[in-house]
Amino acid sequence: MEIFAQRLKALRQGRKKTQSDMAELLGIRLRAYQYYESATYYPEIPNLIKLADYFGVTTDYLLGRSDRRG
């Protein structure tokens with residue numbers, strides 16, 4: 001779970017987006033998004049796919065199952 005949180009934060013910062021921006025993109029509350037980056041919770045599958053598509057990476061990359069982004 002830690003890898004997911006680290007990769008998500010790095011990708012977000014690389015795009016110069018705030019946590020609020022990401023929460024809005026996903027249609028969730030800010031606190032829910034913050035839980036993702038603090039390695040407390042994973043997103044549900046539809047939001048995991050939205051994140052992967054938005055950042056142009058695979059879900060496996062986000063989840064730490066692969067080091068290949070695309």
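Helices α1 and α3 pack with their axes 7 Å apart, at an angle of about 115°. On the α1 side the contact is made by F4, A5, L8, K9 and R12, and on the α3 side by Y33, Y36 and E37. Sorted by class, this contact between α1 and α3 comprises 5 nonpolar and 3 charged residues, with no polar ones. The model described here is a predicted one.

The protein chain contains 5 helices and 0 strands, and its elements follow one another as α-α-α-α-α from the N terminus. Its radius of gyration is 11 Å, close to the 11 Å that the globule rule gives for 70 residues, so the chain is as compact as a globular protein of that length. Along the principal axes, the C-alpha atoms fill a box of roughly 30 × 20 × 20 Å. Of the 70 residues, 31% count as buried. The chain exposes about 4,500 Å², of which carbon and sulfur atoms supply 47%. Among contacts between residues at least 6 apart in sequence, 53% join residues at least 24 apart.

E37, one of the α3 residues in the contact with α1, is buried, with a relative accessible area of 12%. Residues up to four places away in sequence aside, E37 touches A5, L8, K9, R12 and Q19. E37 and R69 are separated by 32 residues in sequence and, C-alpha to C-alpha, by 18 Å in space.

R7 also lies in α1. Its relative accessibility is 15%, and R7 therefore counts as buried, the cut-off being under 20%. With neighbours within four places in sequence left aside, R7 is in contact with Y61, L62, G64, S66 and D67.

Helix α2 spans residues 19–26, and its buried residues are M22, A23 and L26. Viewed down the axis of α2, these buried residues fall within an arc of 100°, so they line one face of the helix. They pack against α1 (2–14), α3 (30–37) and α4 (45–55). After α2 comes G27, which has a positive phi, near 75°.

In α4, the buried residues include N47, L48, L51, A52 and F55. These residues cover an arc of only 140° around the axis, which puts them on the same side of α4. The face turned away from this buried side carries I45, P46 and D53, which are exposed. The cover over the buried residues of α4 includes α1, α2, α3 and α5 (59–63). Within α4, N47 has a relative accessible area of 12% and is buried. Not counting residues up to four places away in sequence, N47 touches L26, I28 and Y36. L26 is itself one of the buried residues of α2, and Y36 is among the α3 residues that contact α1.

K16 has a positive phi of about 60° and is found in the loop between α1 and α2. With a relative accessible area of 74%, K16 is exposed. A39 likewise has a positive phi of about 60° without being a glycine, and its place is in the loop between α3 and α4. A39, however, is buried, with a relative accessible area of 18%.

Terms used
Residues are numbered from 1 along each chain as its sequence is written. This is a predicted model: local features need pLDDT of at least 70, side-chain atom pairs count only at pLDDT 80 or more; totals for chains, interfaces and linings use all residues. Side-chain values use heavy atoms; hydrogens and water are left out. Buried means under 20% relative accessible area, exposed over 50%, partly exposed in between (1.4 Å probe, protein chains only). Helices (H or I, at least four residues) and strands (E, at least two) are DSSP runs, numbered from the N terminus. The arc is that of the directions from the helix axis to the C-beta atoms. Contact means heavy atoms within 4.5 Å. Axes are lines fitted to C-alpha atoms, for helices over the stretch in contact, and angles run from 0 to 180 degrees between N-to-C directions. Ala, Val, Leu, Ile, Met, Phe, Trp, Tyr, Cys and Pro count as nonpolar, Asp, Glu, Lys and Arg as charged, and the others, Gly among them, as polar. The radius of gyration is taken over C-alpha atoms; the globule rule is 2.2 Å times the number of residues to the power 0.38. Accessible areas come from the Shrake-Rupley method with a 1.4 Å probe; for residues, only the protein chains shown count as cover.
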